[in-house]
Amino acid sequence: MGKIIFGDQILDRSVVHIDLEDRGYQFGDGVYEVIRVYGGKLFTAKEHIERLFQSAKKIKMDISMTPERIEDLVAELVKENGVGFGSVYMQVTRGTAPRTHMFPKPDSQTTAVLTAYTNEVPRPERQLESGVDAITAEDIRWLRCDIKSLNLLPNVLAKQEATEAGCFEAILHRSGIVTEGSSSNAYLVRNGEVITHPADNFILNGITRQVLAKLCQENGIPFVEKAFGVVDLLQADEVFITSTTSEVMPIVKVDDKPIGAGKPGGVTRKLQTLFEAKINEETKVEIKR
Ligand SMILES: Cc1ncc(COP(=O)(O)O)c(C=O)c1O
(Lines give C-alpha, C1' and ligand atoms only; values in the text may rest on other atoms or scores of the structure.)
Protein backbone atom coordinates (compact mmCIF):
# COMPACT_ATOMS: atom_id res chain seq x y z
CA MET A 1 0.00 0.00 0.00
CA GLY A 2 1.02 3.55 -0.81
CA LYS A 3 2.54 5.07 2.33
CA ILE A 4 5.27 3.84 4.62
CA ILE A 5 7.11 5.07 7.70
CA PHE A 6 10.76 5.87 7.12
CA GLY A 7 12.57 7.26 10.15
CA ASP A 8 10.31 9.89 11.64
CA GLN A 9 8.19 10.51 8.55
CA ILE A 10 5.34 9.08 6.53
CA LEU A 11 6.35 8.99 2.87
CA ASP A 12 5.23 7.50 -0.43
CA ARG A 13 6.68 4.03 -0.75
CA SER A 14 7.97 4.89 -4.23
CA VAL A 15 10.37 7.57 -2.96
CA VAL A 16 12.08 5.38 -0.35
CA HIS A 17 15.17 3.38 -1.23
CA ILE A 18 16.89 1.08 1.23
CA ASP A 19 20.67 1.12 0.86
CA LEU A 20 22.51 -2.10 -0.07
CA GLU A 21 24.67 -1.56 2.98
CA ASP A 22 21.79 -1.30 5.41
CA ARG A 23 22.83 -3.60 8.27
CA GLY A 24 19.40 -5.19 8.30
CA TYR A 25 19.97 -6.31 4.72
CA GLN A 26 23.61 -7.32 5.26
CA PHE A 27 23.50 -8.97 8.68
CA GLY A 28 19.87 -9.19 9.74
CA ASP A 29 21.08 -6.65 12.30
CA GLY A 30 17.76 -5.39 13.56
CA VAL A 31 14.45 -6.23 15.21
CA TYR A 32 10.83 -6.20 14.10
CA GLU A 33 7.18 -6.35 15.13
CA VAL A 34 3.84 -7.14 13.55
CA ILE A 35 0.73 -5.39 14.87
CA ARG A 36 -2.78 -6.53 13.97
CA VAL A 37 -5.39 -4.14 12.61
CA TYR A 38 -9.10 -4.89 13.06
CA GLY A 39 -11.54 -2.61 11.27
CA GLY A 40 -8.89 0.11 11.02
CA LYS A 41 -8.04 -0.10 14.75
CA LEU A 42 -4.69 -1.25 16.16
CA PHE A 43 -4.81 -4.15 18.63
CA THR A 44 -2.27 -4.28 21.52
CA ALA A 45 -0.09 -1.68 19.80
CA LYS A 46 1.51 -0.45 23.05
CA GLU A 47 2.57 -3.99 23.97
CA HIS A 48 4.15 -4.60 20.56
CA ILE A 49 6.00 -1.29 20.58
CA GLU A 50 7.20 -1.96 24.12
CA ARG A 51 8.55 -5.36 22.97
CA LEU A 52 10.25 -3.64 19.98
CA PHE A 53 12.16 -1.50 22.49
CA GLN A 54 13.00 -4.53 24.64
CA SER A 55 14.32 -6.42 21.60
CA ALA A 56 16.37 -3.38 20.52
CA LYS A 57 17.86 -3.05 23.99
CA LYS A 58 18.86 -6.72 24.00
CA ILE A 59 20.90 -6.17 20.83
CA LYS A 60 22.34 -2.90 22.20
CA MET A 61 20.54 -0.74 19.68
CA ASP A 62 19.10 2.70 20.48
CA ILE A 63 15.79 3.71 18.94
CA SER A 64 15.95 7.48 18.86
CA MET A 65 12.17 7.93 19.03
CA THR A 66 9.70 7.59 21.85
CA PRO A 67 7.18 4.71 21.95
CA GLU A 68 4.40 7.32 21.93
CA ARG A 69 5.72 8.92 18.73
CA ILE A 70 5.97 5.50 17.05
CA GLU A 71 2.42 4.63 18.07
CA ASP A 72 1.12 7.94 16.68
CA LEU A 73 2.98 7.40 13.39
CA VAL A 74 1.69 3.82 13.07
CA ALA A 75 -1.91 4.88 13.75
CA GLU A 76 -1.52 7.65 11.15
CA LEU A 77 -0.08 5.20 8.62
CA VAL A 78 -3.02 2.81 9.07
CA LYS A 79 -5.40 5.71 8.53
CA GLU A 80 -3.60 7.08 5.47
CA ASN A 81 -3.44 3.63 3.86
CA GLY A 82 -7.09 2.97 4.69
CA VAL A 83 -6.30 -0.43 6.24
CA GLY A 84 -9.37 -2.45 7.25
CA PHE A 85 -8.36 -5.91 8.48
CA GLY A 86 -4.63 -6.11 8.14
CA SER A 87 -1.26 -5.73 9.74
CA VAL A 88 1.55 -3.28 10.25
CA TYR A 89 5.03 -4.68 9.75
CA MET A 90 7.71 -2.56 11.39
CA GLN A 91 11.42 -3.03 11.75
CA VAL A 92 14.38 -1.13 13.09
CA THR A 93 17.86 -1.81 11.75
CA ARG A 94 21.19 -0.51 12.95
CA GLY A 95 21.34 1.70 9.85
CA THR A 96 23.60 2.03 6.82
CA ALA A 97 27.36 1.76 7.16
CA PRO A 98 30.28 0.21 5.22
CA ARG A 99 29.98 -3.56 5.67
CA THR A 100 31.95 -4.71 8.68
CA HIS A 101 30.69 -6.82 11.55
CA MET A 102 31.29 -4.45 14.46
CA PHE A 103 28.77 -1.73 15.22
CA PRO A 104 29.22 1.60 13.42
CA LYS A 105 31.27 3.98 15.60
CA PRO A 106 29.11 6.26 17.76
CA ASP A 107 30.54 9.32 15.95
CA SER A 108 29.79 7.91 12.45
CA GLN A 109 26.32 9.49 12.25
CA THR A 110 24.85 6.06 11.50
CA THR A 111 21.66 5.66 13.50
CA ALA A 112 18.98 3.04 13.85
CA VAL A 113 16.26 3.42 11.21
CA LEU A 114 12.60 2.59 11.65
CA THR A 115 10.55 1.47 8.65
CA ALA A 116 6.97 0.28 8.59
CA TYR A 117 4.36 -0.62 6.02
CA THR A 118 0.85 -2.06 6.02
CA ASN A 119 -0.90 -5.01 4.41
CA GLU A 120 -4.49 -6.15 4.18
CA VAL A 121 -4.69 -9.54 5.95
CA PRO A 122 -8.12 -11.10 6.44
CA ARG A 123 -8.80 -13.09 9.61
CA PRO A 124 -8.25 -16.80 8.84
CA GLU A 125 -11.89 -17.49 9.71
CA ARG A 126 -12.26 -20.84 8.00
CA GLN A 127 -9.13 -22.24 9.64
CA LEU A 128 -10.05 -20.82 13.03
CA GLU A 129 -13.27 -22.78 12.71
CA SER A 130 -11.97 -26.09 11.35
CA GLY A 131 -8.50 -26.13 12.89
CA VAL A 132 -5.27 -26.82 11.00
CA ASP A 133 -2.54 -29.46 10.84
CA ALA A 134 1.05 -29.20 12.05
CA ILE A 135 4.30 -31.10 11.79
CA THR A 136 7.02 -31.28 14.41
CA ALA A 137 10.52 -30.19 13.47
CA GLU A 138 13.82 -29.80 15.25
CA ASP A 139 14.43 -26.33 16.67
CA ILE A 140 17.77 -25.35 15.14
CA ARG A 141 17.61 -21.67 16.14
CA TRP A 142 20.06 -19.71 18.29
CA LEU A 143 19.76 -19.37 22.07
CA ARG A 144 18.14 -15.93 22.16
CA CYS A 145 14.72 -16.68 20.72
CA ASP A 146 13.30 -14.13 23.19
CA ILE A 147 14.59 -11.41 20.83
CA LYS A 148 12.33 -10.69 17.85
CA SER A 149 15.32 -10.42 15.55
CA LEU A 150 15.32 -10.16 11.76
CA ASN A 151 17.29 -13.42 11.55
CA LEU A 152 14.56 -15.88 10.63
CA LEU A 153 16.28 -18.42 8.41
CA PRO A 154 15.61 -21.45 10.67
CA ASN A 155 11.99 -20.29 11.02
CA VAL A 156 11.70 -19.93 7.25
CA LEU A 157 13.09 -23.43 6.70
CA ALA A 158 10.72 -24.96 9.26
CA LYS A 159 7.67 -23.17 7.83
CA GLN A 160 8.63 -24.29 4.33
CA GLU A 161 8.87 -27.90 5.56
CA ALA A 162 5.39 -27.57 7.06
CA THR A 163 4.02 -26.05 3.86
CA GLU A 164 5.51 -28.84 1.74
CA ALA A 165 3.82 -31.35 4.06
CA GLY A 166 0.49 -29.56 3.47
CA CYS A 167 0.50 -28.18 7.03
CA PHE A 168 -0.06 -24.76 8.56
CA GLU A 169 2.74 -24.72 11.11
CA ALA A 170 5.89 -26.49 12.27
CA ILE A 171 5.97 -27.01 16.02
CA LEU A 172 9.62 -26.91 17.07
CA HIS A 173 11.40 -29.01 19.67
CA ARG A 174 14.87 -29.08 21.19
CA SER A 175 15.82 -32.70 21.81
CA GLY A 176 12.16 -33.64 22.22
CA ILE A 177 11.12 -30.62 24.34
CA VAL A 178 8.54 -28.48 22.56
CA THR A 179 9.53 -24.81 22.42
CA GLU A 180 7.12 -22.98 20.07
CA GLY A 181 5.93 -22.77 16.47
CA SER A 182 8.03 -21.36 13.63
CA SER A 183 5.97 -18.16 13.87
CA SER A 184 3.70 -18.82 16.84
CA ASN A 185 3.57 -20.02 20.44
CA ALA A 186 2.47 -23.61 21.05
CA TYR A 187 0.20 -25.05 23.77
CA LEU A 188 -1.38 -28.29 24.79
CA VAL A 189 -4.47 -28.84 26.92
CA ARG A 190 -4.46 -31.74 29.38
CA ASN A 191 -7.13 -32.33 32.01
CA GLY A 192 -8.40 -28.78 31.55
CA GLU A 193 -4.95 -27.19 32.03
CA VAL A 194 -3.34 -25.05 29.35
CA ILE A 195 0.38 -25.88 29.27
CA THR A 196 3.08 -23.94 27.39
CA HIS A 197 6.84 -23.51 27.47
CA PRO A 198 8.07 -20.95 30.03
CA ALA A 199 8.91 -17.48 28.65
CA ASP A 200 12.70 -17.85 28.73
CA ASN A 201 15.40 -17.49 26.06
CA PHE A 202 14.08 -20.48 24.08
CA ILE A 203 10.84 -18.79 22.96
CA LEU A 204 9.43 -15.44 21.98
CA ASN A 205 7.02 -14.31 24.67
CA GLY A 206 4.14 -13.65 22.26
CA ILE A 207 1.86 -10.70 22.85
CA THR A 208 -1.06 -13.03 22.05
CA ARG A 209 0.41 -15.46 24.62
CA GLN A 210 0.46 -12.69 27.23
CA VAL A 211 -3.14 -11.68 26.46
CA LEU A 212 -4.15 -15.34 26.69
CA ALA A 213 -2.38 -15.86 30.03
CA LYS A 214 -4.36 -12.95 31.45
CA LEU A 215 -7.64 -14.21 30.01
CA CYS A 216 -6.99 -17.64 31.54
CA GLN A 217 -6.24 -16.08 34.90
CA GLU A 218 -9.40 -13.94 34.81
CA ASN A 219 -11.56 -16.90 33.81
CA GLY A 220 -10.25 -19.58 36.16
CA ILE A 221 -8.50 -21.61 33.45
CA PRO A 222 -5.17 -22.99 34.74
CA PHE A 223 -2.28 -21.55 32.64
CA VAL A 224 0.83 -23.58 33.39
CA GLU A 225 4.26 -22.54 32.11
CA LYS A 226 6.32 -25.71 32.02
CA ALA A 227 8.27 -27.72 29.49
CA PHE A 228 6.55 -30.65 27.79
CA GLY A 229 7.66 -33.17 25.20
CA VAL A 230 6.62 -34.08 21.66
CA VAL A 231 5.18 -37.26 23.18
CA ASP A 232 2.92 -35.18 25.45
CA LEU A 233 1.88 -33.09 22.47
CA LEU A 234 0.77 -36.14 20.50
CA GLN A 235 -1.18 -37.49 23.49
CA ALA A 236 -2.78 -34.17 24.47
CA ASP A 237 -6.53 -33.60 24.73
CA GLU A 238 -6.13 -30.46 22.62
CA VAL A 239 -3.34 -28.52 20.90
CA PHE A 240 -3.37 -24.94 19.66
CA ILE A 241 -1.01 -22.17 18.65
CA THR A 242 -1.25 -18.40 19.01
CA SER A 243 0.11 -15.44 17.06
CA THR A 244 -0.82 -11.91 16.12
CA THR A 245 -2.17 -12.90 12.72
CA SER A 246 -3.48 -16.41 13.58
CA GLU A 247 -5.02 -15.55 17.00
CA VAL A 248 -5.95 -18.79 18.84
CA MET A 249 -5.61 -21.42 16.13
CA PRO A 250 -6.68 -25.02 16.87
CA ILE A 251 -4.29 -27.79 15.76
CA VAL A 252 -6.24 -30.94 14.97
CA LYS A 253 -3.44 -33.14 13.62
CA VAL A 254 0.26 -33.33 14.41
CA ASP A 255 2.57 -35.42 12.22
CA ASP A 256 -0.56 -36.91 10.64
CA LYS A 257 -1.93 -38.11 14.00
CA PRO A 258 -5.29 -36.73 15.17
CA ILE A 259 -5.21 -34.76 18.44
CA GLY A 260 -8.00 -35.73 20.82
CA ALA A 261 -11.16 -36.20 18.77
CA GLY A 262 -9.44 -34.76 15.68
CA LYS A 263 -11.38 -31.50 15.89
CA PRO A 264 -11.03 -28.26 17.88
CA GLY A 265 -11.55 -28.97 21.59
CA GLY A 266 -13.73 -27.25 24.18
CA VAL A 267 -10.97 -25.32 25.99
CA THR A 268 -9.58 -24.03 22.68
CA ARG A 269 -13.08 -22.90 21.66
CA LYS A 270 -13.54 -21.11 24.96
CA LEU A 271 -10.19 -19.35 24.55
CA GLN A 272 -11.10 -18.29 21.00
CA THR A 273 -14.33 -16.78 22.27
CA LEU A 274 -12.56 -14.96 25.12
CA PHE A 275 -9.90 -13.68 22.73
CA GLU A 276 -12.50 -12.40 20.27
CA ALA A 277 -14.29 -10.61 23.12
CA LYS A 278 -10.97 -9.00 24.03
CA ILE A 279 -10.49 -7.75 20.46
CA ASN A 280 -14.01 -6.40 20.52
CA GLU A 281 -13.42 -4.70 23.89
CA GLU A 282 -10.22 -3.00 22.75
CA THR A 283 -11.13 -2.04 19.17
CA LYS A 284 -14.94 -1.83 19.39
CA VAL A 285 -14.99 -3.90 16.21
CA GLU A 286 -17.39 -6.83 16.05
CA ILE A 287 -15.45 -10.05 15.50
CA LYS A 288 -17.24 -13.17 14.32
CA ARG A 289 -16.07 -16.65 13.47
C1 LIG B 1 8.85 -17.45 16.77
C2 LIG B 1 7.56 -16.80 17.18
N3 LIG B 1 7.00 -17.15 18.34
C4 LIG B 1 5.85 -16.60 18.75
C5 LIG B 1 5.17 -15.67 17.97
C6 LIG B 1 3.86 -15.10 18.44
O7 LIG B 1 4.04 -13.79 18.91
P8 LIG B 1 2.85 -12.73 18.87
O9 LIG B 1 1.72 -13.32 19.62
O10 LIG B 1 3.43 -11.54 19.56
O11 LIG B 1 2.54 -12.49 17.43
C12 LIG B 1 5.73 -15.27 16.76
C13 LIG B 1 5.05 -14.27 15.94
O14 LIG B 1 5.46 -13.91 14.88
C15 LIG B 1 6.96 -15.83 16.35
O16 LIG B 1 7.54 -15.48 15.19
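I started with the domains around the ligand in this predicted model. The shell takes at least three residues from each of domain 1 (3–120) and domain 2 (125–283); the bounds come from an automatic or database domain assignment.

I use residue numbers that run from 1 along each chain as its sequence is written. Local features need pLDDT of at least 70, side-chain atom pairs count only at pLDDT 80 or more, totals for chains, interfaces and linings use all residues, and side-chain values use heavy atoms, without hydrogens and water.

Next I looked up the neighbours. There are 19 residues around the ligand, and R51, E180, I207, T208 and T244 come nearest (near: a heavy atom within 4 Å).

Then I checked polar contacts (a pair of N or O atoms within 3.5 Å). A ligand oxygen is 2.6 Å from a side-chain N or O atom of T208. For R51 I noted 2.9 Å from a ligand oxygen to a side-chain N or O atom. For K148 the corresponding value is 3.1 Å. Alone, the ligand exposes 390 Å², and the protein buries 92% of that (Shrake-Rupley method, 1.4 Å probe).

Key. A polar contact is a pair of N or O atoms within 3.5 Å; within protein, one must be able to donate a hydrogen and the other to accept it, and residues adjacent in sequence count only if both atoms are side-chain atoms.
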